[in-house]
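Subject: Structure handover

Hello,

Here is the structure I said I would pass on. Please have it open while you read the notes below.

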Amino acid sequence: MATTGINVSPEQVEANKCKESIPEPCIVVIFGASGDLTKRKLLPALYHLEQANLLPENFAVVGVARRDLSATFAPDMKDGILKGGGVDEKEEKLGKFIDRVKYFATEFDNDEGFEKLKAYLADLDKQFGTKGNRLFYLAVAPEFFADITHRLGNHGMTGEDGDHWVRVIIEKPFGTDLESAKKLNSEINQVLKEDQIFRIDHYLGKETVQNILVFRFGNGIFEPIWNRNYIDHIQITAAESIGIEGRGPFYEAAGALRDVLQNHVMEVLSFVAMEPPDVFESAPVRIEKLKVWKAISPIPVENTARGQYGPGNVDGEDVKGYRQEDRVSPESQTETFAAMKLEIDNWRWAGVPFYIRAGKRLKTRVTEVVITFKRPPLHIFQGSGAGAEQLEPNVLTLRIQPDDGIKLKFGAKIPGPTTNIAQVNMNFSYAEAFGKSSANGYERLLLDAMLGDGTLFAEREGVETTWALMTPILEAWKAQKKDFPNYDAGSWGPKEADELLERDGRAWQA
Ligand SMILES: NC(=O)C1=CN([C@@H]2O[C@H](COP(=O)(O)OP(=O)(O)OC[C@H]3O[C@@H](n4cnc5c(N)ncnc54)[C@H](OP(=O)(O)O)[C@@H]3O)[C@@H](O)[C@H]2O)C=CC1
Ligand SMILES: O=C1O[C@H](COP(=O)(O)O)[C@@H](O)[C@H](O)[C@H]1O
């Protein structure tokens, strides 16, 4: 069934793209400017903000990396913006935006370079009227996070006063385990106040992730059944059909648990499971998320599964196995798939298992939350031609990507003289209701950071709490070698992941 009766016009959708406030004048300084993230995501996102009139008039972007790319950086970024789609080369705004994209070359460990950068930014303040406000974005490998922050501090670039602000966005992964996350937190807290730090998780910038909260707390009918009395279990899947896309060295050290499960999936889980905050503001939202993570019981390693893909076929194309990827060890023990069963020990969720999984080179790309409700207590249609022994449970699917939307599966009578029941779907599609969007999730987060709103960013204790849950699993896995590869590229992962649910009489939904 298609979405019908959407009472929102294209004009309303357009109007909603405006925030009440436009950020103050500022310079966005991106470290790691020649990297993949800057070109594919950050500059396109900043331009989407420009398109939507959400950037201040007095604004500039400065890319920082080691090679001298002064001549090619702006055209290269323009190319990235155009490739991202949703932009016409002739747009007047594009030229205006690109004129404000600058480049500064320095090694990250070069003090002289930082001193010159400070002077360069001060010059740009005069040219663009950006008033000393800075948003530094560390789009760099994690080993540089603390070092760059300290160098910014040492060169007098992190101090705030009543006249200007300084904020720092730090990319993921934020640490590799509990100890390293704590160390990183304490290192950056030596230089920055907590309200200057914006630990980014781009999943929180996705409209459909934010919509989990709107769905739950912006409607009256779902919250009363959103608990152990009505819900049988919840599954969260973050499946990718792509492999590691040339990021061998990064992925070898990371793996699926560190790359996606500890951050993106745990963020989504907190939105699904949290209590309603008093207001949708940074502190109350963060408190409720933290309460969820803190209520998760320690996860026994028997409640986990891991896998690594071997060669296979994805979307009709033969692909190599993980161990054959560029710059990956032929004996790698890195997991490209991770799954686990979690229990949240609180009043709302006691006894409701949460099964989560993430992996690369799976059958298809899908990120979704699947909520399976308890079956009706009695099959009153038995004997009247209904067929099945038990009635099927209702299943609510919150599809984050692709084809974002919400689907409710329920039983309906098949027309005819007997009472047979078929499962049918009620569908809401984001694209149908609101039109297609070229936003990549970073727009909202960049804008919020410029506005100083940390609601959709991770905070210190939250990051450490999720690492505290995951670190014992990583240690147990490290101590126990696996016979990899154990799933074919293009499949749904290792059989251990299926067994995790089969033991409980359940199965993955996708
Ligand atoms: N790419 C993605 O889709 C995602 C990335 N991230 C995170 O974002 C961060 C950046 O990722 P990504 O863009 O892929 O990384 P890349 O490896 O593509 O880019 C790294 C950047 O850092 C620069 N650099 C490295 N060493 C130095 C140095 N010593 N001095 C100066 N510049 C240096 C590189 O410059 P040069 O070109 O000169 O070497 C390059 O600009 C990482 O933390 C990653 O985990 C998070 C989510 C998704
Ligand atoms: O952070 C990361 O996320 C991407 C998946 O992001 P999505 O927005 O495409 O779902 C993942 O491919 C990458 O390995 C990871 O570092």
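A salt bridge, as counted here, is a side-chain nitrogen of Lys or Arg within 4 Å of a carboxyl oxygen of Asp or Glu. By that rule the structure holds 32 salt bridges. Please keep in mind that this is a predicted model.

One of the salt bridges pairs Asp-79 with Lys-39, and their closest N and O atoms are 3.3 Å apart. This pair links distant parts of the chain: Asp-79 sits in helix H3 (residues 73-83) and Lys-39 in helix H2, 40 residues apart. In general, side chains of opposite charge can pair when their charged atoms come close.

Next, the overall layout. The protein is divided into domain 1 (15-200) and domain 2 (204-375 + 438-443 + 454-502). In the contact between them, domain 1 supplies 28 residues and domain 2 supplies 21 residues. Taken over C-alpha atoms, the centres of domain 1 and domain 2 are separated by 29 Å.

The UniProt record, an unreviewed entry, has an annotation that reads "domain: Glucose-6-phosphate dehydrogenase NAD-binding" and covers residues 29-211. Over residues 29-211 the chain is 44% helix and 15% strand, with the end C-alpha atoms 30 Å apart.

Now the interface. The size of an interface is often given as the accessible area lost when the parts come together. Between domain 1 and domain 2 the buried area is about 2000 Å², and carbon and sulfur atoms give 63% of that. Which residues of domain 1 lose the most area to domain 2? They are Lys-172, Leu-178 and Arg-199, which together make up 26% of what that side buries.

How many salt bridges does the rule find across the interface of domain 1 and domain 2? The count is 1 salt bridge. Lys-172 also forms a salt bridge with Asp-259, where the closest N and O atoms are 3.1 Å apart. Across the interface of domain 1 and domain 2 there are also 9 residue pairs in polar contact.

On the side of domain 1 that touches domain 2, the elements giving two or more residues are helix H2 (36-51), helix H7 (178-189) and strand S6 (197-199). Helix H2 gives the most to that side, with 8 residues. By type, the residues of that side of domain 1 divide into 12 nonpolar, 8 polar and 8 charged.

Regards

Terms used: Residues numbered from 1 in each chain as written. Chains lettered and ligands numbered in written order. Predicted model: local features only at pLDDT ≥ 70, side-chain atom pairs only at ≥ 80, totals over all residues. Heavy atoms only, no water. UniProt positions renumbered as here; feature names shortened; annotations may be inferred. Helix = DSSP H or I, 4+ residues; strand = E, 2+ residues; numbered from the N terminus. Domains from an automatic or database assignment. Contact = heavy atoms within 4.5 Å. Buried area = accessible area lost by both parts, 1.4 Å probe. Polar contact = N/O pair within 3.5 Å; in protein donor to acceptor, adjacent residues only side chain to side chain. Nonpolar A, V, L, I, M, F, W, Y, C, P; charged D, E, K, R; others polar.
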